[in-house]
Amino acid sequence: MSRTELLKKIKKIEIASSILANELFTGNYRSYFKGNGMEFSDIRRYSPGDDVKKIDWRVSARQRKIYVKEFTEERELSIYLMIDISNSNNFFAKKDLISQLAGSLAFSAIKNGDKVGAIFFTDRIEKVIPAKKGRNQSLIILDDLLTYQPSGKKTDIKSALEFFNKIVKRRAILFLISDFIDKDYEKTMAIIKQKHDLIPIRIADKKYDTLPEGAIFNMVDSESGESIIIENFKKNIDISQNISKTILTLYTDDNYVTVLSNFFKRRRRR
């Protein structure tokens with residue numbers, strides 16, 4: 001793809017994503033997330049009715065009077081897009097959906113005055129784009145997403161999440177975008193959720209989610225290159241059945257705005 005073609009594609013995604021972002025988040029953006037955290041602001045004397053959990057016991061012991069901590073809601077969110085760019089996601093339909101999704105989320109964050117950053121990963125951390133504000137930040141993320149050539153081929157979600165937990169100290173919103181063709185990442189996801197608002201999104205193609213009954217398949221692993229023969233004579237096999245129900249699946253032929261909108265509405269009601 002030439003630079004001119006790339007710029008046209010980015011502009012097309014920007015226009016489409018901006019429109020879709022308006023449809024998806026207008027008026028409700030912040031209510032979709034599980035709070036943007038609280039930051040310490042001051043200490044004051046305890047008053048009857050105050051939450052005892054906010055008592056600062058160290059200061060109280062020193063002053064010999066009861067003091068409580070005051071907190072204010074953080075005024076801006078930090079949004080991170082952690083995107084799996086391994087070989088299994090390097091198909092046109094999946095890559096196109098990922099770029100549209102990333103664009104919509106990035107432009108939504110920027111429009112609401114929040115910072116947005118990105119982490120591209122395979123079986124290693126490929127690229128880190130620190131969280132910043134401004135339209136150019138969204139364009140940088142899209143440009144890199146469409147042009148970056150990864151050095152790794154496989155997927156290591158666990159290591160990517162551990163890396164995120166080390167470098168991002170304050171509470172953030174983390175969109176983990178992957179096909180989740182990996183294992184042993186569930187415990188790390190649970191750890192991340194204790195501190196951050198983690199939203200895992202699985203990108204999938206319905207053609208490859210089910211192995212129909214009565215056929216022999218010669219399948220090639222796009223990440224390892226290994227050829228596998230699968231015989232299926234008993235019943236249809238749903239490959240997605242082992243995916244956690246806490247992970248939102250977006251199929252390449254879905255209207256992802258509708259799927260995301262319904263997902264966030266359910267989330268807000270919890």
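S99 sits in helix α3, which spans residues 92–111. Helices here are DSSP runs of H or I with at least four residues, strands are runs of E with at least two, and both are numbered from the N terminus. The model is predicted: local features need pLDDT of at least 70, side-chain atom pairs count only at pLDDT 80 or more, and totals for chains, interfaces and linings use all residues. Numbering starts from 1 along each chain as its sequence is written, and side-chain values use heavy atoms, with hydrogens and water left out.

S99 counts as buried because its relative accessibility is 1%. Buried means under 20% relative accessible area, exposed means over 50%, and partly exposed lies in between (1.4 Å probe, protein chains only). S99 touches I13, L142, L145 and L146, leaving aside residues up to four places away in sequence. A contact means heavy atoms within 4.5 Å.

Now the whole chain. The protein chain has seven helices and 12 strands. Of its 270 residues, 43% are buried. Take the contacts between residues at least 6 apart in sequence: 71% of them join residues at least 24 apart. The chain exposes about 15,400 Å², and carbon and sulfur atoms supply 51% of that area. Accessible areas come from the Shrake-Rupley method with a 1.4 Å probe; for residues, only the protein chains shown count as cover.

On the surface, Y46, V52, W57 and I66 form a nonpolar patch with about 400 Å² of accessible area together. Patch residues have over 30% relative accessible area and no salt bridge; like charges are joined within 9 Å, nonpolar side chains (Val, Leu, Ile, Met, Phe, Trp, Tyr) within 5 Å. Y46 lies in the loop between β1 (38–45) and α2 (57–63). Y46 counts as partly exposed, at 31% relative accessibility.

Next, the charged pairs. Side chains of opposite charge can pair when their charged atoms come close. The structure holds 10 salt bridges, each a side-chain nitrogen of Lys or Arg within 4 Å of a carboxyl oxygen of Asp or Glu. One of them joins D50 to R44 at 2.8 Å, N to O. D50 is buried at 18% relative accessibility, while R44 is partly exposed at 29%.

Helix α1 (residues 3–25) holds both E14 and K11, three residues apart, about one turn of the helix. Their closest N and O atoms are 3.7 Å apart in a salt bridge. E14 is buried at 9% relative accessible area; K11 is partly exposed at 42%.

Helix α5 (residues 157–167) carries E162 and K158, four residues apart, again about one turn. Salt bridges that share partners join K11, E14 and R135 into one network.
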